[in-house]
Amino acid sequence: MEDNYKVLKTEVKKHIMTHLDIADKETYEVVAVLKKLVYEKSRDMHISLKQKRALINDIINMTKGLGILEDLVSDDSVTEIMVNGMDRIFVERKGRISEEDLQFESNKDLLTIVQRIASKVNRQVNQNSPIVDARWNGMRVNAVIEPISLKGPILTIRKFPANPLTMEDLIGYNSINEEAAEFLRKLVVSKYNIFISGGTGSGKTTFLNILSNYIPNDERVITIEDSAELQLRNIDNLVSLETRTSGDNPIEMADLIKSSLRMRPDRIVVGEVRSKEALDMLQAMNTGHDGSLSTGHANSAIDMLSRIETMVLSGVELPLDAIRQQINSAIDIIVHLGRLRDRSRRVLQIAEVTGFENGRIQMQDLYRFKEFGETEDKKIIGELVRTENKLKYDLKVQMAGINLDE
């Protein structure tokens, strides 16, 4: 019976490819066509009604959706899907990665899915443009095909929850404690420029979204991202901008930052700084747009400052002291996130940029994660502990009429 199913599936797919064009048809029209086709092709085959329905569903997913990935996308426990070619599919659930017992029939089928996703976001993916990075249907999608990928198409899908996490959620997960969360809320309201650092998958975008929702509703906010992922829900005067990487006239993040300065923003929120746009971000923070927020990849707060230096130097030749002075003037606070060995995401460090002396940027820790031990099931016991250091530059909180000690 299993052989009959495979034979039928092959015949139906072949018939569709050679005789039918169903890509532009509505789903209900495709179902009607497939029902008729499947029952005609299976007259002389011993195939159950359940298998026929499953076949119709599989082909609909392959021609209109994401094929064998549809169930994974629908699974709320799956946060990330990693397709390493046609026959290796991995998923992340609760911070742990495991391999699924699924595979595409061919790299061509997988490529069809990749191209379908790209077309839905008005992007192209082909040998001349083998990389696509986009936001689609509430997910971040990255795809790499030949000749860049050596083992067939590579597809990575990161899912975002329909209901974004709140600071209360993070407190419940022990990612941060109430004291530090309230401290950060006061800094956001007081218009401190805050930079969030961390490694891949540490939760930078989620944390940026949470902090952004502390911005008062009467301010004009402009968000700038490679792929629009932020979900600011309490800002009425909100402008969301997204880069354009394909086409004859690509729009880079640096272009959007420059343009945003002419839009009369109270604050600018930059999704992630990766390259030469770092200089434009620093200049925006230094030209009266206090309270701006951004993120970047780094291993620690001090390492983030070094990475910003490198990113600025990738776009313009400036003396290192001049760059460091720009960073010192622009960034007030760095919040560093990380994933511990038990896969939990934690706020590990809240540091203040305190000045520029002897050619170096000075910093002090205000909060630092302290580990106290482990549970029997290897869960880390620890919390963010306030240091003895006080906020050195507290003029902004004073002007906002906020008491940090309350």
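Trainee: What kind of model is it, and how do the numbers work?

Mentor: This is a predicted model: local features need pLDDT of at least 70, side-chain atom pairs count only at pLDDT 80 or more, and totals for chains, interfaces and linings use all residues. Residues are numbered from 1 along each chain as its sequence is written, and side-chain values use heavy atoms, with hydrogens and water left out.

Trainee: How many helices and strands are in the protein?

Mentor: The protein has 13 helices and 15 strands.

Trainee: Now helices. At what angle do α9 and α10 pack?

Mentor: Helix α9 (residues 253-260) and helix α10 (residues 277-285) pack at about 20°, and their axes are 8 Å apart. Axes are lines fitted to C-alpha atoms over the stretch in contact, and angles run from 0 to 180 degrees between N-to-C directions. The two helices are therefore roughly parallel, the term for angles under 35 degrees.

Trainee: Which residues meet there?

Mentor: Met-253, Ala-254, Ile-257 and Lys-258 of α9 meet Glu-277, Asp-280, Met-281 and Ala-284 of α10, where contact means heavy atoms within 4.5 Å. By class, that contact of α9 with α10 has 5 nonpolar, no polar and 3 charged residues. Ala, Val, Leu, Ile, Met, Phe, Trp, Tyr, Cys and Pro count as nonpolar, Asp, Glu, Lys and Arg as charged, and the others, Gly among them, as polar.

Trainee: What about α10 and α12, at what angle do they cross?

Mentor: Roughly 50°, with the axes of α10 and helix α12 (residues 320-330) coming within 8 Å. α10 and α12 are therefore oblique to each other. Leu-282, Gln-283 and Met-285 in α10 meet Gln-326, Ile-327 and Ala-330 in α12. That contact divides into 4 nonpolar, 2 polar and no charged residues.

Trainee: Different topic. Is Leu-155 buried or exposed?

Mentor: Buried, at a relative accessible area of 1%. Leu-155 sits in strand β6 (residues 154-159).

Trainee: What does Leu-155 touch?

Mentor: Leaving out residues up to four places away in sequence, its contacts include Leu-69, Ile-81, Val-114 and Val-141.

Technical notes: Helix = DSSP H or I, 4+ residues; strand = E, 2+ residues; numbered from the N terminus. Parallel < 35°, antiparallel > 145°, perpendicular 65-115°, else oblique. Buried < 20%, exposed > 50% of the residue type's maximum accessible area, 1.4 Å probe, protein only.
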